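Please open the structure in a viewer and keep the selection tool at hand.

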Amino acid sequence: MSDTPELVIANGTVVNSFGRHRAHVVVREGRIDQLVDAAEPVPTATRVIDAAGLLVIPGGVDGHCHVAQITGRFRTLDDYRTTSTAALWGGTTTIIDFGIPRDARETPLDAVLSKKALARESRCDVALHGSVVSWDETVPWQLEQLAAEGVRSVKMYTTNRGTTMADGDTILKVMREMVRLDGLTYIHAEHDPIIADCTQQHADDGRIGVEHLHRTRPELAEEVSVKETLAMAEYAGAPVYFVHQSTPGAVDLVTEARGRRQEAYSETCPHYLTLDDSVYGSVMPEWYACCPPMRSPQTVAALRERLADGAIHTVASDHSCYDLTQKRERPDDIREMPHGLPGVETRMPVTFTALMEGARDARVEDFVEVFAAGPARINALPRKGTIAPGFDADLVIFDPAEERTVDGDALHMGTDFSPFDGRTLTGWPAVVVSAGRVVVDSDGFHDPGPVGRFVPRLGFREHLAATSVRPAATQATR
């Protein structure tokens with residue numbers, strides 16, 4: 001075997017969440033071998049890519065993706081090949097999908113094992129969340145099996161009665177089990193009685209089309225559910241992670257809980273940082289059908305302030321790849337149409353643009369934190385989210401000044417639209433390296449085949465303790 005490294009990314013400015021320095025990044029056998037100070041000669045390698053004038057950041061970690069999702073009679077049009085390809089185009093090198101039981105006959109364990117089998121077609125690395133809808137005596141054993149498989153988080157919904165909703169007893173019992181197994185509880189927080197009543201009132205008044213979506217799921221419903229769930233988590237001593245928070249009030253509740261030393265985390269999504277509820281008055285409101293819905297311009301501005309202040313810990317896509325044909329089947333009744341937006345490919349530029357426009361003193365380091373480092377750390381993904389010796393060679397040569405206008409037809413997500421179509425965004429990947437392989441460069445996409453690995457996750461508190469100190473070997477060597 002040759003001693004020559006396969007790849008060197010030379011002369012770039014390496015940006016981690018905790019700082020930056022100019023270095024040559026040496027890649028060997030899919031891992032970062034060393035960082036060599038840029039003042040030194042460029043090491044010899046099979047391939048050298050010059051990143052002079054550009055930034056080198058960790059490959060993105062998208063902690064909230066739905067691949068090949070089935071919701072009622074609708075199935076998203078993607079598969080792991082499609083979604084992982086789109087992720088790589090967008091600078092994301094690891095996605096975390098969900099194994100959600102389709103009905104009462106499918107167990108949480110079966111749902112995860114089914115997704116794990118499908119993930120063998122992935123072009124990038126994959127981890128999984130489990131999900132519990134209802135409690136029975138087998139659930140503790142199933143959660144133990146999931147932990148043994150490296151699935152250390154479980155998502156539960158506080159809404160969607162009759163399908164994915166878990167009741168309060170189930171949520172509390174699962175939280176206790178996740179503490180025992182050193183795992184993390186994911187929560188979709190919307191107060192179901194408020195939403196059900198509000199939706200029924202709108203239906204009774206004949207205002208149930210997609211143009212009224214934002215009025216049927218008020219901000220109060222999200223914030224009440226967050227407050228109630230935080231109380232249960234505090235009682236159980238359980239770490240809790242809230243997906244797709246869309247209001248500053250919801251984020252503030254998590255911030256207040258953290259002030260009481262609770263282990264609680266806020267995630268938001270690119271669309272909540274950039275789109276407001278005026279989209280439901282547009283000529284194509286079905287483009288924006290998702291839950292929670294878009295909020296008022298004032299709420300969006302305040303949410304961006306929370307991102308700039310560091311109160312939001314991760315930005316995830318909540319990628320759900322329905323197409324317009326599916327969304328246009330029943331735009332007259334939000335109860336009958338699929339909800340969810342494609343976004344795994346556009347997460348990088350939308351998030352970067354929102355952060356840089358929303359904060360006068362925003363740094364690329366802050367972007368790296370919510371795009372890669374934070375999701376990797378909170379989800380206990382080993383060797384992800386940081387550029388340092390021993391970490392996976394998941395790297396993006398990033399141009400923070402490049403502007404592109406989004407063309408939904410030119411994206412790769414397997415659908416026929418993007419909610420960001422026509423928007424000019426700043427900050428795009430120039431080169432993407434996944435597990436040491438160059439998969440995106442100026443020549444386009446280089447399909448590596450189904451090489452994506454399933455990434456077993458570590459214990460939540462175990463990993464957090466191990467990463468509470470910056471890796472010692474992150475500085476460039478001379």
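**The whole chain**

Begin by displaying the entire chain, bearing in mind that this is a predicted model. In a cartoon view, 14 helices and 21 strands may be traced. The radius of gyration is 21 Å, close to the 23 Å that the globule rule gives for 478 residues, so the chain is as compact as a globular protein of that length. Along the principal axes, the C-alpha atoms occupy a box of roughly 70 × 50 × 40 Å.

Next, switch to a surface view. The accessible surface amounts to about 18,200 Å², and carbon and sulfur atoms contribute 48% of that area. Of the 478 residues, 61% are buried. Among contacts with a separation of 6 or more, 76% are between residues 24 or more positions apart.

Now colour the side chains by charge. There are 48 positive and 69 negative side chains, and the centres of these two sets are 3 Å apart.

**The eight-stranded sheet**

Select the strands of the open sheet, whose order is β6-β10-β11-β12-β13-β14-β15-β16 and whose pairing is parallel. Which strands stand at the edges? They are β6 (60–62) and β16 (314–315); each has a single partner strand, so one side of each is left without a neighbour in the sheet.

Within this sheet, select residues 92–98 and 125–131, which are strands β10 and β11. These two strands run parallel and are joined by five bridges.

Most residues other than glycine have a negative phi, and most peptide bonds are trans. The remaining stops concern departures from these two patterns.

Select His-244, in the loop that connects β14 (240–242) with α8 (248–259). The phi of His-244 is positive, near 30 degrees. Is His-244 buried or exposed? Its relative accessibility is 2%, so His-244 counts as buried, the cut-off being under 20%.

Move on to Arg-261, in the loop between α8 and β15 (264–268). Arg-261 is not a glycine either, yet its phi is positive at about 75 degrees. With a relative accessibility of 77%, Arg-261 counts as exposed, because the cut-off for that class is over 50%.

**A cis peptide bond**

Finally, select Cys-291 and Pro-292. The peptide bond from Cys-291 to Pro-292 is cis, and its omega is near 0 degrees. Pro-292 is situated in the loop between α9 (270–274) and α10 (297–309).

Key: Residues are numbered from 1 along each chain as its sequence is written. This is a predicted model: local features need pLDDT of at least 70, side-chain atom pairs count only at pLDDT 80 or more; totals for chains, interfaces and linings use all residues. Side-chain values use heavy atoms; hydrogens and water are left out. Helices (H or I, at least four residues) and strands (E, at least two) are DSSP runs, numbered from the N terminus. The radius of gyration is taken over C-alpha atoms; the globule rule is 2.2 Å times the number of residues to the power 0.38. Buried means under 20% relative accessible area, exposed over 50%, partly exposed in between (1.4 Å probe, protein chains only). Contact means heavy atoms within 4.5 Å. Accessible areas come from the Shrake-Rupley method with a 1.4 Å probe; for residues, only the protein chains shown count as cover. Lys and Arg count as positive and Asp and Glu as negative; His and the chain ends are not counted. The place of a charge is taken as NZ of Lys, CZ of Arg, CG of Asp or CD of Glu. Two strands pair if DSSP finds at least two bridges between them.
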